[in-house]
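Here's a quick tour for anyone opening this structure for the first time. Take a look at the sequence and the model, then read on.

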Amino acid sequence: MKPLPEFAKMILRCMSLLSMLAALTASGQSRGGKKHPPDSRAQNSVRIAIVESSEALQESLRDKPSLEFSASQPAGLVVRLDASRTYQQIDGFGASITDSSAWLLSQKLAPAQRTALLKQLFDANQGIGLAILRQPMGSSDFSLADDSYDDMPPGESDPQLKHFTIGRDRQYVLPVLREALAVNPKLKIIASPWSPPGWMKTSGSMIGGTLLPSSFAPLAGYFVRFVQSYEAAGVPIFAVTPQNEPRNIPGDYPGMGMTAEEQTIFIREHLGPAFRDAHLKTKIMGFDHNWDLMDFPDKILSDPKAAEFSAGTATHCYGGSPDAQTKLHEHFPAKGIWLTECSGGEWQKGNLLVAQADLIIETTRNWGQSVVLWNLALDQNHAPHLGGCTDCRGVVTIDHSKSPTVVTPTVDFTALAHASKFVAPGALRIDSTSSGDSPLKHVAFRNADGSIVFLALNPGESAVTFSIAWQGQYATYVLQPGAVATFHWSPKSKTGH
C-alpha cells in the first residue's frame, strides 16, 4: 500500500493548483468588483463606427474615431432615426460589366490582379460588397463590336431563333461574370437590350428603327432563350427590361425606339406570357429611362394585365429628378423602382463626391431599391466604346498604357462604398428626419441583422454640427464641408463587451 500516500500527495498538489487557478480567475472576474463598480452607462453604450470621405481633405473611406450614444439631449440640429417606420427593401448597389468592362478585366489584367479587383468590388468583407450588375444583352455603346445573339445576313430573318447563340459572351463576358459570382454568389443581375437583332426592326439594323409588328413574339422568345442560356452558363438573371432607353434612338450605336403603348403590348401579350409559360422566375421591369419621362411607366402599370407581369420600373438619372420616383410610387405603391443606370463623366464639374453621394441618398430616399452606375471599368481614354459617350467614367480606371497595368478606383467607387459596404441586400430604409433647416442630406437603413446604417452628406461650404437621435439617445458629430460619412452600429454590440 506504499503507493497510496504518494498518490494522495499528488491529488493534494492538483487540488491546491486548481484552487489557485480558481482564485486567480475569480480575482480577474471581480477585478475592481465591490471597491470599483463598473460604469453601467459605458457597459450599455452602443459604439458607432464611422467612415468618412472628403475630396477637400483627400480622404477616401477613412475610419474616424467612434462615437457613443448618451442620454443627454444636445442643442442644435438633430436627425431623428425611427426604425419602426420602414419603407422599401434595398436590393443593392452596383454597376455594369459591359462588353468593354469585361474585355478590360479579362484581357488587360493579370489573373491575380483581376481576382484581387473582383474581391475589392464584390466581397462585402474584403471589399465594398457590390450586389447588383446590369448586363447589356448584345452590343451597347460600350462594346468592341456591333452584334446581337441572332444576327442574320441582310434581307434574312430567323423568327424561330434557330441561329440564337450567346457565343459572343463566352469569350470574356460570361467568364468574368462567373468570377464575380464566385466572390458574391448572391449577385443580382439585370439584363437589358440596347437593340434586338436588326432583322426584327424597321431599320434592318442594330442602329435606329423600331420593332416590327411581326417581331413582338420572336423578341419575347429571344428573351426566354437569353435567360435560359445564361442560367445554363452559370449566370442566373434576376430581372430584365424590355428596352434600354426606349425614347432615345441613337445614331451611332445600337438602340431602338419603343412607345409606352408598344411596351405595354409587348409585356402584356408576349414577354409576360412567354416567361410564365417557360416557368421563368426572372422579373420584368418596365421603362428603363429617365426620371422626366415617367408618364411612360405610368401607362404600363395602369394596364392591369401588363402590371400583373411587371415587378415595377427601371429608371435612369439623365433627365428630371429622383422625386419623380416618389410620385410613381404613390400611384403604384405595390410596385418596385430600381435605378439601373447613371454614369458619371468628364461633363461633371465641382465636387464629384458630393454629386455621386447625393445621387445615392436622393434615389433611395425616393423609393429606389437599387443604385446602379454605368461601366464598372473603363480605360485611361474612357474606352473602349462603339459610339455615344466619349467621356464616361468607370467605377475603376484600368490604365493599360502602363506596365504593369494600373487599376485606380474613381470617385464612383468611393460613393458606392459608403452604401454598398454597409447596407446589405434585404435591408429596409427607415425614417430619418431633420429637426430644422440644414444643408445636411441623409438616409438611413436597418439591415436584416438589426444593425443600423446612417449615411450623411454635407454639400455646403461650412461644417455642420448635428446629433443623431436614436431610441432616446444622442450622438453628436461635426461633418466637414463637401464630406460624406457612413455611421454604422449594432444594437447588440455594446462597448465594454
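## Cavities and a pocket

The second largest cavity takes up about 40 Å³. A cavity here is a set of points, on a 1 Å grid over the protein atoms alone, where a 1.4 Å probe fits but cannot get out. Points are joined across faces, edges and corners, and a volume is the space filled by probe spheres set on the points. Bear in mind that this is a predicted model: local features need pLDDT of at least 70, side-chain atom pairs count only at pLDDT 80 or more, and totals for chains, interfaces and linings use all residues. Residues are numbered from 1 along each chain as its sequence is written, and side-chain values use heavy atoms, leaving out hydrogens and water.

**More on the enclosed spaces**

- Searching the whole structure turns up 2 cavities of 30 Å³ or more.
- Around the second largest cavity sit Trp 194, Gln 243, Asn 244, Glu 245, Asn 248, Pro 250, Tyr 253, Pro 254, Gly 255 and Met 256; a lining residue has an atom within 4 Å of a point.
- That lining splits into 5 nonpolar, 4 polar and 1 charged. Nonpolar covers Ala, Val, Leu, Ile, Met, Phe, Trp, Tyr, Cys and Pro, charged covers Asp, Glu, Lys and Arg, and the others, Gly among them, go down as polar.
- The largest cavity holds about 40 Å³ of space, and its lining includes Ile 97, Asp 99, Tyr 149, Arg 168 and Tyr 230.
- By class, the lining of the largest cavity has 5 nonpolar, 3 polar and 3 charged residues.

- The largest pocket has a volume of about 360 Å³; a pocket is an open set of points with protein on both sides within 12 Å along at least five of seven lines.
- It has 17 lining residues, and the closest to its centre are Ala 124, Gly 129, Ser 420, Ala 424 and Pro 425.
- The lining of the largest pocket is made up of 8 nonpolar, 5 polar and 4 charged residues.

**The chain as a whole**

- The protein chain has 13 helices and 22 strands. These are DSSP runs numbered from the N terminus, with helices being H or I of at least four residues and strands being E of at least two.
- Along its principal axes, the C-alpha trace spans about 105 × 70 × 50 Å.
- Of the 497 residues, 54% count as buried. Buried means under 20% relative accessible area, exposed means over 50%, and partly exposed falls in between (1.4 Å probe, protein chains only).
- Among contacts with a separation of 6 or more, 72% are between residues 24 or more positions apart; a contact means heavy atoms within 4.5 Å.

**Disulfides**

- There are 2 disulfides, each a pair of cysteine sulfur atoms within 2.5 Å.
- Cys 317 and Cys 342 make one of them, with sulfur atoms 2.0 Å apart. Cys 317 is in the loop between β9 (312-316) and α11 (323-331), and Cys 342 is in the loop between β10 (336-341) and β11 (344-345), so the bond ties together parts that are 25 residues apart in sequence.
- This link is right-handed, with 85° about the S-S bond, and both Cys 317 and Cys 342 are buried.
- Cys 389 and Cys 392 also form a disulfide, with sulfur atoms 2.1 Å apart. The torsion about their S-S bond is about 125°, so this disulfide is right-handed.
- Cys 389 and Cys 392 are both buried.
- Counting bonded cysteines along the chain, the pattern is 1-2, 3-4.

- Strand β1 (residues 47-54) is mostly covered, with 6 of its 8 residues buried.
- β1 pairs with strand β2 (residues 59-68) in the antiparallel sense over 6 bridges; strands pair if DSSP finds at least two bridges between them.
- Glu 52 has Arg 62 of β2 as its bridge partner.
- β1 also runs antiparallel to strand β22 (residues 483-489), joined by 6 bridges, and Val 51 has Thr 486 of β22 as its bridge partner.
- Helix α13 (residues 411-420) has 10 of its 10 residues buried, including Phe 413 and His 418.
- Thr 313 belongs to strand β9 and is buried, at 1% relative accessible area. Its contacts beyond four places in sequence include Met 285, Phe 287, Leu 328 and Trp 338.
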